[in-house]
Amino acid sequence: MATKITPKKTTRKPAKKAKKGFIAIVFSFLLKIFLWFFPISIAFVVLFKFVPVPLTPLMVIRYFENKAAGKEIHFSHDWEPIENISMNLQKAVIASEDGTFLTHNGFDFIAMQKAYKNNERGRKIKGGSTISQQTAKNVFLWQGRSYLRKGLEAYFTVLIEVIWGKKRIMEVYLNSIEMGDGVYGAYAATEHWYRKDASNLTLQQAAGIAAILPNPRKYKATSSSSYINRRKDKIVSVMKHIGKIEY
């Protein structure tokens, strides 16, 4: 009588266990990064409340861009306390970049909504980013438009508004932003464009620097195009209506 051989059933439990183990390792790794991110990011924000920002991600990116393109590498950046930066320049960037800087909590939702609607219609205008948001992006983040970067920008914006305050935000902003090709900050910009000290700018000169901020490598603060000259006049007009700045 022939014996019936029943085939053994194979099981894939070890493979499933390995998969679950891998997921657990990845989850644990991501959790550690998440938990370490907060104390480290807060520590850097606290540090830069008191210490000048020596370098920004954009400065590094521009260096490698110019090197890859075979361009002559020019880099000018010197930190200047806000007390030594012309009040005209402070008013000019408020008039040009963020009219509600002194009163908002980091975000201008009305400006953001207007920018969104106009962009939907295909109009090319500046975004709704405030000076606080621009500062957070320039100091702590990379360039780009991803949701991740925008989320981190919002996070750092809240941190610097709470920890730094308006005066420090303006000081870091005016010392870190790109104001020409290889030119960063008010001290370097006033020397580059006007051959003078950052503390002594006229309304028109301050407006000239603020007018080129949307694209400082394309536009010139002196010997400007008609477009930039119109921007200068508009900025000067708005500056005259900005009262005394009290941080």
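**A predicted chain and its helix packing**

Visitor: How far apart are the end C-alpha atoms of residues 21–48?
Guide: Helices (H or I, at least four residues) and strands (E, at least two) are DSSP runs, numbered from the N terminus. By secondary structure, the span is 100% helix and 0% strand. Its end C-alpha atoms are separated by 41 Å.

Visitor: Which pattern does the protein chain follow along the sequence?
Guide: The protein chain has 10 helices and 3 strands. In sequence order, these elements give α-α-β-α-α-α-α-α-β-β-α-α-α.

Visitor: How many of the residues of α5 are buried?
Guide: Buried means under 20% relative accessible area, exposed over 50%, and partly exposed in between (1.4 Å probe, protein chains only). In the protein chain of 247 residues, 40% are buried. Within α5, the buried residues are I131, S132, Q133, Q134, T135, A136, N138, V139 and F140. Helix α5 is thus mostly covered, the count being 9 of 10.

Visitor: Why does K137 count as partly exposed?
Guide: K137 is located in helix α5, residues 131–140. K137 counts as partly exposed because its relative accessibility is 21%.

Visitor: Which residues does K137 contact, leaving aside its neighbours within four places in sequence?
Guide: Contact means heavy atoms within 4.5 Å. The C-alpha atoms of K137 and T56, 81 residues apart along the chain, are separated by 9.4 Å. With the neighbours within four places set aside, the contacts of K137 are W142, Q143, R149 and E153.

Visitor: At roughly how many degrees do the axes of α5 and α7 cross?
Guide: Axes are lines fitted to C-alpha atoms, for helices over the stretch in contact, and angles run from 0 to 180 degrees between N-to-C directions. Angles under 35 degrees count as roughly parallel, over 145 as roughly antiparallel, 65 to 115 as roughly perpendicular and the rest as oblique. The axes of α5 and α7 (residues 166–176) come within 9 Å and cross at roughly 55 degrees.

Visitor: What is the distance between the axes of α9 and α10?
Guide: Helix α9 covers residues 203–211 and helix α10 residues 226–239. They pack at an angle of about 120 degrees, which makes α9 oblique to α10. The distance between their axes is 8 Å.

Visitor: What is the phi of R195?
Guide: R195 is in the loop between α8 (186–194) and α9. Its relative accessibility is 60%, so R195 counts as exposed. Although R195 is not a glycine, its phi is positive, at about 55 degrees.

Visitor: In which loop does S223 lie?
Guide: S223, a residue other than glycine, has a positive phi near 50 degrees. At 74% relative accessibility, S223 counts as exposed. Its place is in the loop between α9 and α10.

Terms used
Residues are numbered from 1 along each chain as its sequence is written. This is a predicted model: local features need pLDDT of at least 70, side-chain atom pairs count only at pLDDT 80 or more; totals for chains, interfaces and linings use all residues. Side-chain values use heavy atoms; hydrogens and water are left out.
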